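Please read it with the coordinates open.

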Amino acid sequence: QVQLVESGGGLVQAGGSLRLSCAASGRTFSSYAMGWFRQAPGKEREFVTAISWSGVSTYYADSVKGRFTISRDNAKNTVYLQMNSLKPEDTAVYYCAADRDGSLSDIRYEYDYWGQGTQVTVSS
């Protein structure tokens with residue numbers, strides 16, 4: 001019922017920045033909490049950050065706190081992930097996800113919809 005499409009990934013040097021976007025279809029987007037996850041080769045998909053439906057509450061994994069910022073523009077049906085001070089260990093496919101109950105969560109199975117991902121590669 002909700003389609004998510006990520007964009008903005010690419011190749012960047014360590015210390016650089018990227019901004020990812022997640023465009024959502026449907027008119028129920030504003031009531032959903034949104035999250036970003038990432039998955040590197042050979043590793044489990046891991047939580048990065050989440051934002052409540054209102055945008056008031058945010059939550060970050062310790063590994064990205066202070067470097068990444070999640071935001072949303074409900075009028076544009078879009079969620080953003082600003083990534084600064086990137087490190088090689090940030091290299092992964094980044095996935096956008098939506099949780100219809102609207103509250104913050106870092107648990108994968110609580111999310112109802114997923115995008116196909118966008119590749120982020122950080123070189124040394």
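**Notes on the predicted model**

1. Asp 62 and Lys 65 form a salt bridge in which the closest N and O atoms are 3.6 Å apart, in what is a predicted model. Asp 62 counts as exposed, at 68% relative accessibility, and Lys 65 is likewise exposed, with a relative accessible area of 51%. By the rule applied here, the structure has six salt bridges.

2. Arg 38 has a relative accessibility of 5% and so counts as buried, while Asp 90 is buried with a relative accessible area of 1%; the cut-off for buried is under 20%. The two residues also belong to a network of salt bridges that links Arg 38, Glu 46, Arg 67 and Asp 90.

3. Arg 108 forms a salt bridge with Glu 44, with 3.7 Å between the closest N and O atoms. Since Arg 108 is in the loop between β9 and β10 and Glu 44 is in the loop between β4 and β5, the pair ties together parts 64 residues apart in sequence. Arg 108 is partly exposed, with a relative accessible area of 34%, whereas Glu 44 is exposed, with a value of 62%.

4. Strand β4, residues 33-39, deserves a point of its own: six of its seven residues are buried, so the strand is largely enclosed by the rest of the structure. On β9 (residues 92-99), β4 finds an antiparallel partner joined to it by seven bridges, and Tyr 94 is the bridge partner of Arg 38 there. With β5 (residues 46-51), β4 pairs in the antiparallel sense over five bridges, and here Arg 38 stands opposite Glu 46. The strands β4 and β5 form a hairpin with six residues between them, and Gly 42 in the turn has a positive phi of about 80°.

5. Which residues touch the most other members of the largest nonpolar core? This core has 35 residues, and those with the most contacts to other members are Leu 4, Met 34, Trp 36, Phe 68, Met 83 and Tyr 94. The elements giving two or more residues to the core are β3, β4, β5, β7, β8, β9 and β11, and the largest share, five residues, comes from β9. As a general background, nonpolar side chains in soluble globular proteins tend to be buried together.

6. The whole structure contains six aromatic pairs. Ring pairs extend the picture to a cluster of Phe 37, Phe 47, Tyr 59, Tyr 111 and Trp 114. Trp 114 also has a charged neighbour, in that the charged end of Arg 45 sits over the Trp 114 ring, 4.1 Å from its centre.

Key. Residues are numbered from 1 along each chain as its sequence is written. This is a predicted model: local features need pLDDT of at least 70, side-chain atom pairs count only at pLDDT 80 or more; totals for chains, interfaces and linings use all residues. Side-chain values use heavy atoms; hydrogens and water are left out. Buried means under 20% relative accessible area, exposed over 50%, partly exposed in between (1.4 Å probe, protein chains only). Helices (H or I, at least four residues) and strands (E, at least two) are DSSP runs, numbered from the N terminus. Two strands pair if DSSP finds at least two bridges between them. A nonpolar core is a set of buried Ala, Val, Leu, Ile, Met, Phe, Trp, Tyr and Cys residues joined through side-chain atoms within 4.5 Å. A salt bridge is a side-chain nitrogen of Lys or Arg within 4 Å of a carboxyl oxygen of Asp or Glu. Rings of Phe, Tyr and Trp (its six-membered ring) pair if their centres lie within 6.5 Å; planes under 30 degrees apart count as stacked, over 60 as edge-to-face and the rest as tilted. A charge sits over a ring if NZ of Lys or CZ of Arg is within 6 Å of the ring centre and within 35 degrees of the ring normal.
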